[in-house]
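I opened the model today to look up a few places in turn. My notes follow below.

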Amino acid sequence: MSVPAELIALREQIDALDQQLFVLLAERFQVTAQVGELKKQFQLPAQDLARESAQLQKIQRLASETGLDPDWALRFQRLILDEVVIQHQQC
Ligand SMILES: C=C(O[C@@H]1C=C(C(=O)O)C=C[C@H]1O)C(=O)O
């Protein structure tokens, strides 16, 4: 069965968006790595729960404004935050 041209076009769009997402994610991890170095230098804890709480509130608002499921957005952000904290613990 042949794949409709419209499906191919949509998948190309998805691939381009995935690429942008990963470039942005990589950029974010580069910035958090710099934060990790600073925390090490100033002997600050790997995790900042107050900052995370403020971020998660912002994420929920942002998700609602952009039509994303706020609960899913929270889980997604949690995944990223947890990874950053692990990286900071290993600094
Ligand atoms: C990057 C930081 O370290 C941790 C990771 C965060 C993040 O990825 O945004 C936020 C808070 C911290 O628990 C920070 O303290 O700013």
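**The shell around the ligand**

I sorted the shell around the ligand by class and found four nonpolar, four polar and three charged residues, where Ala, Val, Leu, Ile, Met, Phe, Trp, Tyr, Cys and Pro count as nonpolar, Asp, Glu, Lys and Arg as charged, and the others, Gly among them, as polar. I noted that this is a predicted model, in which local features need pLDDT of at least 70 and side-chain atom pairs count only at pLDDT 80 or more, while totals for chains, interfaces and linings use all residues. Residues are numbered from 1 along each chain as its sequence is written.

I then listed the residues that surround the ligand, namely Thr32, Val35, Gln47, Asp48, Arg51, Glu52, Gln55, Leu81, Val84, Val85 and His88; a residue is near a molecule if its C-beta atom, placed from the backbone, lies within 6 Å of it.

Which helix gives the largest share of this shell? Helix 3 does, with four residues, and helix 1, helix 2 and helix 3 (70–89) each supply at least two. Helices are DSSP runs (H or I, at least four residues), numbered from the N terminus.

I found Gln43 in the loop between helix 1 (5–41) and helix 2 (49–66). Gln43 has a positive phi of about 50 degrees, although it is not a glycine. Most residues other than glycine have a negative phi.

Is Gln43 buried or exposed? Gln43 counts as exposed because it has 6 C-beta neighbours inside 10 Å; the cut-offs for other C-beta atoms within 10 Å, placed from the backbone, are 20 or more for buried, 12 or fewer for exposed, and in between for partly exposed.

Leu25, in helix 1, is exposed too, with 12 other C-beta atoms within 10 Å.
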